[in-house]
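Welcome! Take a look at the sequence and the model first, then read on.

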Amino acid sequence: MNDDDAHEGACGGGPGEFDDAVLEEELRQAAAVLDPVPAHLCQLAVEAYALHDLDARVAELTFDSLLDAAPVRGALESPRMLTFQAGELTVDVEVTGDGLLGQLLPPQPAAIEVLHGPRPSARLTADDLGRFAGDAPPTGPFALRLRTGANTVVTEWLRA
């Protein structure tokens with residue numbers, strides 16, 4: 001093996017080819033200098049990860065009136081209806097300009113947080129019939145975190 005063979009192996013196998021790892025590192029350094037990630041975006045990423053709950057079940061969106069419902073003739077501003085499902089638990093939510101109104105099925109008490117990313121979360125309580133309400137409508141992306149006894153359920157993130 002001569003020096004040319006060793007050089008070709010380090011550069012990816014052939015003349016004129018580059019080692020991907022070296023190229024990737026050089027591109028990362030150039031991006032860090034020319035287009036750095038804004039500090040507030042890094043903070044959002046850290047806080048979003050902090051919201052991650054490893055034991056939580058994810059409630060999937062099964063109905064969104066913006067996508068699934070037929071438009072109502074003459075209705076100028078109808079509430080947005082959302083339904084989430086996590087196993088046997090169903091969460092129905094109505095989002096209006098006045099806030100949130102919701103119901104858990106099967107009915108049960110729960111502590112509910114309206115997550116807004118880096119902003120403080122609104123705390124709601126579902127009564128014994130599973131009903132909850134909040135007087136502040138979510139703005140921007142939001143999700144709900146529900147704690148029902150020993151279970152924690154987090155809905156998918158949606159834009160209000």
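**Starting from Val 93**

In this predicted model, Val 93 touches Arg 80, Met 81, Leu 82, Phe 84, Leu 100, Leu 101, Gly 102, Phe 132 and Leu 144, leaving aside residues up to four places away in sequence.

**The nonpolar core**

- The largest nonpolar core has 21 residues, and Val 93 is among those that touch the most other members, along with Val 91, Leu 104, Ile 112, Phe 132 and Leu 144.
- Two or more residues of this core come from each of E2, E3, E4, strand E5 (110-116), strand E6 (119-126) and strand E8 (141-148).
- Strand E3 gives the largest share of this core, with four residues.

**E2 and E3**

- Strand E3 covers residues 89-96 and pairs with strand E2, residues 80-86, in the antiparallel sense, with seven bridges between them.
- Across this pairing, Glu 94 in E3 stands opposite Met 81.
- The hairpin of E2 and E3 has two residues between the strands, and Gly 87 in this hairpin takes a positive phi near 65°.

**E3 and E4**

- E3 also runs antiparallel to strand E4 (residues 99-105), and seven bridges join the two.
- Here Glu 94 has Leu 101 in E4 as its bridge partner.
- Two residues make the link in the hairpin that joins E3 to E4.

Note on methods:
Residues numbered from 1 in each chain as written. Predicted model: local features only at pLDDT ≥ 70, side-chain atom pairs only at ≥ 80, totals over all residues. Heavy atoms only, no water. Pairing = 2+ DSSP bridges. Core = buried A, V, L, I, M, F, W, Y, C linked by side-chain atoms within 4.5 Å. Buried < 20%, exposed > 50% of the residue type's maximum accessible area, 1.4 Å probe, protein only. Contact = heavy atoms within 4.5 Å.
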